Amino acid sequence: MPSSTTAATTNGGKSTSTGTSFEAVLFMSLLALQFGMQPALTRKYTPVTTCRSAVVITQECVKFGIAMFMLFSSGQAKAALEGWSIYSWLTVAFVPAALYVVQNLSALMAYQNLHPVTFNV
């Protein structure tokens, strides 16, 4: 059921919306604030002398731990992990994961060396 501030209807198989909910505006605003502040905060609190690979590995381990906690607390872990093996992980997920690590290392280097506005542009 749509919220009271958003009315969604179906018109020939196409969804139309007559407004944006308060929650959507709030979360978009928070995302914009985070997007704008992250380069400045990273530059201020992550010195250039910091080992970038250690920062990225720590970030990824924390994200993995949170994801695993959520997966196990929801009771869906067995179904989600069913059928996975090291070989299937390497063939399906390794290349995107490796590219993501390279992207994070590059972003951290850019955070540390570029002005925040330049980074966001």
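**Pockets, helices and an aromatic pair**

Q: What is the volume of the largest pocket?
A: The largest pocket has a volume of about 600 Å³. Closest to the centre of this pocket, among the 18 residues that line it, are Glu-60, Phe-64, Trp-89, Ala-93 and Ala-97. The model is predicted, so local features need pLDDT of at least 70 and side-chain atom pairs count only at pLDDT 80 or more, whereas totals for chains, interfaces and linings use all residues. Residues are numbered from 1 along each chain as its sequence is written, and side-chain values use heavy atoms, with hydrogens and water left out.

Q: What makes a residue part of a pocket lining?
A: A lining residue has an atom within 4 Å of a point of the pocket, which is an open set of points on a 1 Å grid over the protein atoms alone, where a 1.4 Å probe fits, with protein on both sides within 12 Å along at least five of seven lines. In the largest pocket, α2 (52-73), α3 (77-81) and α5 (94-113) each supply at least two such residues. The greatest contribution, 8 residues, is from α2.

Q: How do the residues of the lining of the largest pocket divide by class?
A: There are 16 nonpolar residues, no polar ones and 2 charged ones. Ala, Val, Leu, Ile, Met, Phe, Trp, Tyr, Cys and Pro count as nonpolar, Asp, Glu, Lys and Arg as charged, and the others, Gly among them, as polar.

Q: Which residues line the second largest pocket?
A: The lining includes Gln-38, Thr-42, Val-55, Gln-59, Lys-63, Tyr-100, Asn-104 and Phe-119. Two or more residues of this lining come from each of α1, α2 and α5. The largest share, 6 residues, belongs to α5. By class, the lining has 6 nonpolar, 5 polar and 1 charged residues. The space in this second largest pocket is about 220 Å³.

Q: Why does Gln-59 count as partly exposed?
A: Gln-59 has 38% relative accessibility and therefore counts as partly exposed, a class that lies between buried (under 20% relative accessible area) and exposed (over 50%), with a 1.4 Å probe and protein chains only. Gln-59 is found in helix α2.

Q: Why is the pair of Trp-89 and Phe-94 called edge-to-face?
A: The count comes to 1 aromatic pair. In this pair, Trp-89 and Phe-94 are 5.9 Å apart centre to centre, with 75° between the planes. The pair is therefore edge-to-face, because rings of Phe, Tyr and Trp (its six-membered ring) pair if their centres lie within 6.5 Å, and planes over 60 degrees apart count as edge-to-face, under 30 as stacked and the rest as tilted. Both residues are partly exposed, Trp-89 at 39% relative accessibility and Phe-94 at 41%.

Q: How do you know that the span of α1 is close to the one expected?
A: Helix α1 (residues 22-45) has 24 residues and reaches 33 Å from its first C-alpha to its last, close to the expected 34 Å. The expected span is 1.5 Å times one less than the number of residues. For α2, with 22 residues, the reach is 32 Å, close to the 32 Å expected.

Q: Where does a kink lie in α1?
A: A kink of about 40° lies at Met-37, shortly before the proline Pro-39. The bend is the angle between axes fitted to the seven residues ending at a residue and the seven starting there.

Technical notes:
Helices (H or I, at least four residues) and strands (E, at least two) are DSSP runs, numbered from the N terminus. Grid points are joined across faces, edges and corners, and a volume is the space filled by probe spheres set on the points.
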